[in-house]
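Me: I am new to reading structures like this one. Please take me through a few features, with the general idea before each case.

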Amino acid sequence: MVLQPSERHYRDWSDRRWKGQESRVLTDRLQSPADPRRSVNSVMLADIISTVEFNHTGELLATGDKGGRVVIFQREQESKNQVHRRGEYNVYSTFQSHEPEFDYLKSLEIEEKINKIRWLPQQNAAYFLLSTNDKTVKLWKVSERDKRPEGYNLKDEEGRLRDPATITTLRVPVLRPMDLMVEATPRRVFANAHTYHINSISVNSDYETYMSADDLRINLWNFEITNQSFNIVDIKPANMEELTEVITAAEFHPHHCNTFVYSSSKGTIRLCDMRASALCDRHTKFFEEPEDPSNRSFFSEIISSISDVKFSHSGRYIMTRDYLTVKVWDLNMENRPIETYQVHDYLRSKLCSLYENDCIFDKFECVWNGSDSVIMTGSYNNFFRMFDRNTKRDVTLEASRENSKPRAILKPRKVCVGGKRRKDEISVDSLDFSKKILHTAWHPSENIIAVAATNNLYIFQDKVN
């Protein structure tokens, strides 16, 4: 697959001139001199993208950031005059999903950062999505309005109530055309159910329930009930000093509404069946790869922690991402993965410095393509990696403004570990660890990918002949 950027290949989130959808209140708040969230690289911390997600058709792409905002991009429709512009995504809607809060009982500040976004399948003209920060999940409805009612009897044209004594005739209200307006309204707020930080949300295949997972518990929600959830996993020990692992990610099976998996900081995956018991503390299957004693080191436990787990679209396989590798597991084989891909093995010699600058705790995500044949995940220096499961080929690509001109073809990058460095290679010692790609998304049916690099969103597509 040859990737090239679409014509609007990135969005700088500090530039808010998006078709007049600038939020003045938001901009004033972020640009206040007293704002403590300004980073050293002159990039606003609130503008850093924290999640990326295509909807089920791929026509919409949602991004969330550390400032609690959700920005939705819509794909342009193909026209006879502009055949090659169909891969472009333009801003469709921008809204503030979460605000900073303060828990007075625990003296704890709750960030507005959007941890995850999950789309619901479209049932009517409106779109629905779930967004969550550390504590609260919200269900949003995104709808279009291109007509407005006029000719009220009890209100004037400005919306003020009229004196009933002045009303002498009965008018029939009519709908008049107006400029298209996209509205985002919160339909449900699911709060007060998590003691610890939410790291995952996953919509069930029955589309009536979803689950939210924090460090020690997983809760099952019904979309119609906001004040009650069912605890389906609880790994909190009676004595917190005996705590040895935490939940890092969780996801429902794409087809079986009773099955889900969750991963842990120990590098293990548990498959649970909700038909077995109400509380799924006893797993149905347990996936773990035995550690090679020769590779044992001080950092073994840290780098073995799983940061993301994803079912394949077919539901047959599970993909997991730890710090150095991506692994593919067959649901029918628990003792070891069937495929292991080295993402950046050249960093093994740098683990000590990565530990000192806290990069070793970065949580990289991984995604499947629509046919489950290619895997994508991020790395440092704005690199992202692709692995072809059929040909076993892999490629390293870079998301940056310099090499992302419209219609330009992305060139593979190589990292030199030692010895002589070729002209087109980059030394492992010169990698920029502040530039990292943690969040990526793949179009459900086409070769279009979205890559979040700090505060920029890059959209690449397969080469159009």
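Reply: Two strands count as paired if DSSP finds at least two bridges between them. Strands themselves are DSSP runs (E, at least two residues), numbered from the N terminus. This is a predicted model, where local features need pLDDT of at least 70, side-chain atom pairs count only at pLDDT 80 or more, and totals for chains, interfaces and linings use all residues. Residues are numbered from 1 along each chain as its sequence is written, and side-chain values use heavy atoms, with hydrogens and water left out.

Me: How many bridges link β12 and β13, and in which sense do they pair?

Reply: Four bridges link β12 to β13 (residues 209–213), and the sense is antiparallel. Across this pair, Ser200 faces Ala213 in β13.

Me: Which strands form the open sheet, and in what order?

Reply: The order is β12-β13-β14-β15, with antiparallel pairing. At the edges lie β12 (200–203) and β15 (230–234), each pairing on one side only. From one strand to the next, the twist averages 20 degrees; such angles are taken between N-to-C directions, from 0 to 180 degrees, of lines fitted to C-alpha atoms.

Me: What joins β26 to β27?

Reply: Five bridges do, between antiparallel strands at residues 383–388 and 394–398. Met386 is opposite Val395 in β27. This hairpin has five residues between its strands, and Lys392 takes a positive phi near 65 degrees.

Me: What is the average pLDDT of the protein chain?

Reply: pLDDT is the predictor's confidence in each residue, from 0 to 100. The protein chain averages 86, and 87% of the residues score at least 70.
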